[in-house]
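Q: I have a structure to go through today. Could we look at it together?
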Amino acid sequence: MELRTTSDGSHTLFCTAAGETYHSSAGAIVEAMHVYVSKAFDEFENICSNSLKILEIGFGTGLNALLTMLESQKRQIYVYYETLEPFPLSADIYERLNYCSLLPCDQKLFISFHNSVFDKYIEYHDCFTFVKRRACVEDFVTDNQFDVIYFDAFSPNAQPEMWTENIFQKLYKILSCKGIILTYSSKGSVKRALRAAGFKVLRLSGAGSKHHMLKGVKLD
Ligand SMILES: C[S@@+](CC[C@H](N)C(=O)[O-])C[C@H]1O[C@@H](n2cnc3c(N)ncnc32)[C@H](O)[C@@H]1O
């Protein structure tokens, strides 16, 4: 695992096993805000709910969780945030991530995302409940219904087994009606797998150097 700095100054990691970085080299914070966080909160306005339930596939550096927490506080919208990570980072890596020097956030709070106990619910402030599961999406079971899924696995080239109709069908079932799945990939095979799983698929403008990203909507 190698620490790298992206174009907006924020860190990402290069994972040698996957052969790719955790975020776009054009900006980790810019990408996370564009693909996941802003879209999730915009969706909140569409569903007219008083809270947002978010599931993240791949906690990784914790950047999506951190930005979502900051946004929930800023907009005063209650978020329940559940995140899956089968391969948690070690402290010598996450302690070096520079997000708190770029964002209005206390480093101790960010570290506590990482060293919190799995399956423990933590209320960070009035608007943000957080829980981490040590689970692969393939094995994940839940009674929850989510409004938004952040699908942030390694790419379809690196992890083809994650981007299948079967996995997307499973995620479709745990989304509420009008719930959405968001991902940075706009690959044709991903679009087709999402459609085959039942999603209405929208191609949106991507972050940084990426032309497009995908949003899948559950219609029934
Ligand atoms: C591209 S990284 C993105 C992580 C994160 N969202 C971030 O902002 O740092 C993909 C993450 O998915 C995790 N992952 C790998 N296989 C997985 C699986 N089967 N189920 C859930 N997560 C998985 C990896 O360990 C890694 O942390």
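Q: In what order do the strands of the open sheet run?
A: This is a predicted model, in which local features need pLDDT of at least 70, side-chain atom pairs count only at pLDDT 80 or more, and totals for chains, interfaces and linings use all residues. Residues are numbered from 1 along each chain as its sequence is written. The eight strands follow the order β6-β7-β5-β4-β8-β9-β11-β10, with mixed pairing. Strands are DSSP runs of E, at least two residues long, and helices are runs of H or I, at least four, numbered from the N terminus; two strands pair if DSSP finds at least two bridges between them.

Q: And which strands stand at the edges?
A: They are β6 (122-125) and β10 (200-205); each has a single partner strand, so one side of each lacks a neighbour in the sheet.

Q: In which sense do β8 and β9 pair, parallel or antiparallel?
A: Strand β8 (residues 146-151) and strand β9 (residues 175-183) are parallel, with four bridges. Ile149 has Ile181 in β9 as its bridge partner.

Q: Changing topic, which residues have the most contacts inside the largest nonpolar core?
A: Ala32, Ile54, Val148 and Ile149 do, in a core of 50 residues. Such a core joins buried Ala, Val, Leu, Ile, Met, Phe, Trp, Tyr and Cys residues through C-beta atoms within 7 Å, where buried means 20 or more other C-beta atoms within 10 Å of a residue's own, with C-beta atoms placed from the backbone.

Q: Which helix gives the largest share of this core?
A: Helix α1 (residues 28-47) does, with nine residues.

Definitions and conventions
A residue is buried if 20 or more other C-beta atoms lie within 10 Å of its own, exposed if 12 or fewer, and partly exposed in between; C-beta atoms are placed from the backbone.
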